[in-house]
Amino acid sequence: MSPRVVCLVALAVLACGRQEPRPKPTEAEAPLQAQAPAAPTSEPEPPTPEPEPPTPEPSSTHFVSLSDIHFDPFLDPQLVPQLAAAEAPEWGPLLENGAAKDLGGHGRDTSYAVLKSALAAPASVGPWPPQFVIISGDFLAHSYRARYEAATGDKTDAGYHAFVDKTLQFLTAEISATFPKIPVFPALGNNDSYCGDYLLEPRGEFLTMLARAWSPMARGGPEFAQTFAAGGWYEAAHPGRADQRLIVLNTVFFSRNYRDACGADEPGAEPADPTGEQLAWLERRLEAARGANEKVSLIYHIPPGINVYSSLHSKAGACAQTSETFWRDDASTAFLQLVDQYHDIILASFAGHIHTDDFRLTYPGAEPGAASGFVHLTPAISPMFGNNPGFQTFELDAADGSIRDFTTYVLDLAQPAPSWRPEYEFRAAYGVERSYDLAALTRVREAIHADSEIRAKYIAFNPVDNPEAKQIGPNNWSAYWCGTGTMTTADFNRCYCDGAAIP
């Protein structure tokens, strides 16, 4: 091969091995090239899921308030001997098959049908689930022992005590099943004892039995067993707030009607002083709460202040001679001084006993004018005194635990097919802007006196929307109004008997 040919071959080889730089794509070509898929080298990774938005914290919580259940298992007399022979877990099927299956009407205590309906109602018509439940006393029907003896012929203490035990065990099981995993805080009423109405024995067998039955429901510990067995009072942590606590009292001991009939006959026994013991305990617990920067709600059965119904219906003498208080003067004075001393940490008191929907402003001394607290009175489940069955739900501010509002629910027994419905919301009914507290109640009380439309609402709400109850009306409303703002008979007499309440 000649040198010229060799040179040409070499140049050709070099030219084939060299790559010229590619020109930049035009603007029209660039998108097409960007869309060209790349050859996959492995399985594609799954897309990263979007994070779920955080669940907003609720702005409010709720609790349920029940009172004066007064369960009556004697409405079917033929069934009572079977209940007495059965154990408490067998009561449900027996009552289901009994003859007394209707809701009934006014003027009698709570039938099994009303009991079932009332316990089911909070889940069906109210906000659910509640954070906790309070029950401000009186679980047993009126005249319990007399009706037991009439139905069974058994007049022995052992037989009657066993029947009371089964009744309360049955009610406790029904309540616990209705509010599963929800703390329930019950108080004792004047009908809740072996001995009879207002006759509870301190440190007696009844309290020991009931402490065992109620401890799981009330989330009780060793201290619960100790204080409840002593006198039926106890303290509980607030289920939803570390800066609040609940104190449950037994104000039956404060009543003018109380006496220790069962324990007084024990030879050599010193007379008990449950009033002084309980108030000393209460003061210690309030002081501990203040030291821990905690707020307190008080729960009990009988409220302080005037027994307006008895004062109006007494037949002995003129107006000023018939007025009476629920509590003895010594207990009332000491208690009101305590709640005034600690008014800065007491959110509210919750009571029952009168069976109607009402309230009381509390004053530290004999002279009204500057209320330092209030008592909310929840209406009864029992329609014994003409009221419709009712219960209430309270709305709490989630930020600070204050009471925003409450709603009353009613079972109108006068309707052909009664069903639970909301009766009213406090703030909407009375035109209150913010909260349910002492300031709001003070303004509402003034409006009841001055405004006939507001007064008409108060009169209608009091018996839980039953105008036929005939307890309060246009002719005697001023007595009930005076009762909301006086704690002593002297103050009540000035307000009502002397005519100061008439607008």
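Mentor: Let us begin with a definition: a residue is called buried if its relative accessible area is under 20%, and exposed if that area is over 50%. Please keep in mind that the model before us is predicted. By this criterion, 50% of the 503 residues of the protein count as buried, and both Y194 and F206 are buried.

Trainee: How many helices and strands does the secondary structure of the protein come to?

Mentor: The protein has 18 helices and 12 strands. Among the contacts with a separation of 6 or more, 70% are between residues 24 or more positions apart. The accessible surface comes to about 23,800 Å², and carbon and sulfur atoms hold 54% of that surface.

Trainee: How many aromatic pairs does a search of the whole structure find?

Mentor: The general idea is that a pair of aromatic rings is described by the distance of the centres and the angle of the planes. In this structure, the search finds 45 such pairs. Take Y194 and F206: their ring centres are 5.1 Å apart and their planes stand at 75 degrees, so this pair is edge-to-face. Y194 belongs to the loop between β3 and α8, F206 belongs to helix α8, and the pair thus links distant parts of the chain, 12 residues apart.

Trainee: What are the distance of the centres and the angle of the planes for F224 and Y234?

Mentor: The centres are 4.7 Å apart and the planes are at 70 degrees, so F224 and Y234 also form an edge-to-face pair. Here helix α9, which holds F224, is linked to strand β4, which holds Y234, across 10 residues. F224 has a relative accessible area of 3% and is therefore buried; Y234, at 1%, is buried because its value is under the cut-off of 20%.

Trainee: Which residues do ring pairs link into a cluster?

Mentor: The cluster includes F63, F132, F185, F350, Y424 and Y436. Y436 is also among the residues in contact with R404.

Trainee: Where is R404 found, and which side chain makes a polar contact with its side chain?

Mentor: R404 is in strand β11, residues 403-411. Its side chain makes a polar contact of 3.2 Å with the side chain of D397. Beyond its neighbours within four places in sequence, R404 is in contact with residues including S60, E395, R427 and R434.

Trainee: Which residue lies over the face of W481, and what sits over the ring of W477?

Mentor: R445 lies over the face of W481, at 3.9 Å from the ring centre. Over the ring of W477 sits the charged end of R455, 4.3 Å from the centre.

Trainee: Finally, what is the omega of the peptide bond from W128 to P129?

Mentor: As a general rule, most residues other than glycine have a negative phi, and most peptide bonds are trans. The bond from W128 to P129 is cis, with omega near -5 degrees, and P129 lies in the loop between α5 and β2.

Trainee: Is K181 buried or exposed, and is H355 buried or exposed?

Mentor: K181, in the loop between α7 and β3, has a positive phi of about 60 degrees and is exposed, with a relative accessible area of 81%. H355, in the loop between β7 and β8, has a phi near 75 degrees but is buried, at 1%.

Methods. Residues are numbered from 1 along each chain as its sequence is written. This is a predicted model: local features need pLDDT of at least 70, side-chain atom pairs count only at pLDDT 80 or more; totals for chains, interfaces and linings use all residues. Side-chain values use heavy atoms; hydrogens and water are left out. Helices (H or I, at least four residues) and strands (E, at least two) are DSSP runs, numbered from the N terminus. A polar contact is a pair of N or O atoms within 3.5 Å; within protein, one must be able to donate a hydrogen and the other to accept it, and residues adjacent in sequence count only if both atoms are side-chain atoms. Contact means heavy atoms within 4.5 Å. Rings of Phe, Tyr and Trp (its six-membered ring) pair if their centres lie within 6.5 Å; planes under 30 degrees apart count as stacked, over 60 as edge-to-face and the rest as tilted. Buried means under 20% relative accessible area, exposed over 50%, partly exposed in between (1.4 Å probe, protein chains only). A charge sits over a ring if NZ of Lys or CZ of Arg is within 6 Å of the ring centre and within 35 degrees of the ring normal. Accessible areas come from the Shrake-Rupley method with a 1.4 Å probe; for residues, only the protein chains shown count as cover.
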